[in-house]
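Colleague: I'd like to learn how to read the inside of a protein model. Could you walk me through one?

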Amino acid sequence: MSRHQPTALITGASRGLGRALTADLAADGWRVVVDARHGDELAAAVAGLPGVVTVPGDVADPVHRTALAEAADDLGGLDLLVLNASLLGPSPQPELADYPLDVLEQVLRVNVVAPLGLVQALRPLLRPGARIVAVTSDAGAEAMAGWGGYGTSKAALEHLGAVLAVENPQWRVYVVDPGDMRTVMHQEAFPGEDISDRPEPETVVPALRALVDGDHPSGRYRAADLTPAVAS
């Protein structure tokens, strides 16, 4: 990537994969702008990490997206944008015939409209060769009972990423399925179940770094397919 100090913006960085990637990039000398809905939780999650700028707020709020753009502008632009913030929806997940439409609108607003809105707000700040990483799910690619609402939002996000890549060849646009992880959201998706056998989010970071640091073409990737290449 660039020879200057690289800069990233990561949404949903107070926990899970967003927090794990933030810690990894910060340790590697990146400057990172991060957000999450709960300011106290975000501050605690990144406390002590060098070069991290916190901008708490909701990505679905246009005013907050403007604040994120201003923070990125203060750092001189972006080499990496990670669209990680997501809304699961009801827990447990209902079938589509029973899905509350007002909640579906919220899920689509956070998982589809907000990422595009953020790309639009940051477009002047994304340097040539910048990476955009949109975090998806296997529910966005497969018809899975009980995952219609969340899966629909991720399917839309995947298509959005694919079209962005075609329209903007100056960037690398990656849609990444991290696989199952031991996260709060995954636990919310399976209330009452033991998910201690799922891997920690930190195990997915090498796969993301393979995309961020490498020369892969724009497209959809599974973290499980990228990680062996990192280890070899």
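Modeller: Let's begin with a cavity: β5 (126-135) and α5 (148-167) each supply at least two residues of the lining of the second largest cavity. Of the two, α5 gives the most, with four residues. Keep in mind that this is a predicted model.

Colleague: What is the volume of that second largest cavity, and which residues line it?

Modeller: Its volume is about 30 Å³. The lining includes Leu83, Val119, Ile132, Ala134 and Leu157. By class, there are eight nonpolar residues, one polar and no charged.

Colleague: And how many cavities of 30 Å³ or more turn up in the whole structure?

Modeller: Two. Helix α4 (residues 101-122) provides the largest share of its lining, four residues. Among the lining residues are Thr11, Asn84, Val110 and Leu118. Seven of the lining residues are nonpolar, two are polar and none is charged.

Colleague: Now the charged side chains. How many salt bridges does a search of the whole structure find?

Modeller: Eight. Take Arg209 and Asp24, whose closest N and O atoms are 2.6 Å apart. That pair links distant parts of the chain, with Arg209 in helix α7 (residues 205-213) and Asp24 in helix α1 (residues 16-27), 185 residues apart.

Colleague: Is Arg209 buried or exposed?

Modeller: Arg209 has a relative accessible area of 11%, so it counts as buried, the cut-off being under 20%. Asp24, at 31%, is partly exposed.

Colleague: Which salt bridge does Asp177 form, and where do the partners sit?

Modeller: Asp177 meets Arg220 at 4.0 Å, N to O. Asp177 lies in strand β6 and Arg220 in strand β7, 43 residues apart. Asp177 is buried at 9% relative accessibility, while Arg220 is partly exposed at 35%. Salt bridges can also share partners: Asp24, Asp28, Arg209 and Asp213 are joined into one network that way.

Definitions and conventions:
Residues numbered from 1 in each chain as written. Predicted model: local features only at pLDDT ≥ 70, side-chain atom pairs only at ≥ 80, totals over all residues. Heavy atoms only, no water. 1 Å grid on protein atoms, 1.4 Å probe; cavity = no way out; pocket = protein on both sides within 12 Å on 5 of 7 lines; lining within 4 Å. Points joined across faces, edges and corners; volume = space filled by probe spheres on them. Nonpolar A, V, L, I, M, F, W, Y, C, P; charged D, E, K, R; others polar. Buried < 20%, exposed > 50% of the residue type's maximum accessible area, 1.4 Å probe, protein only.
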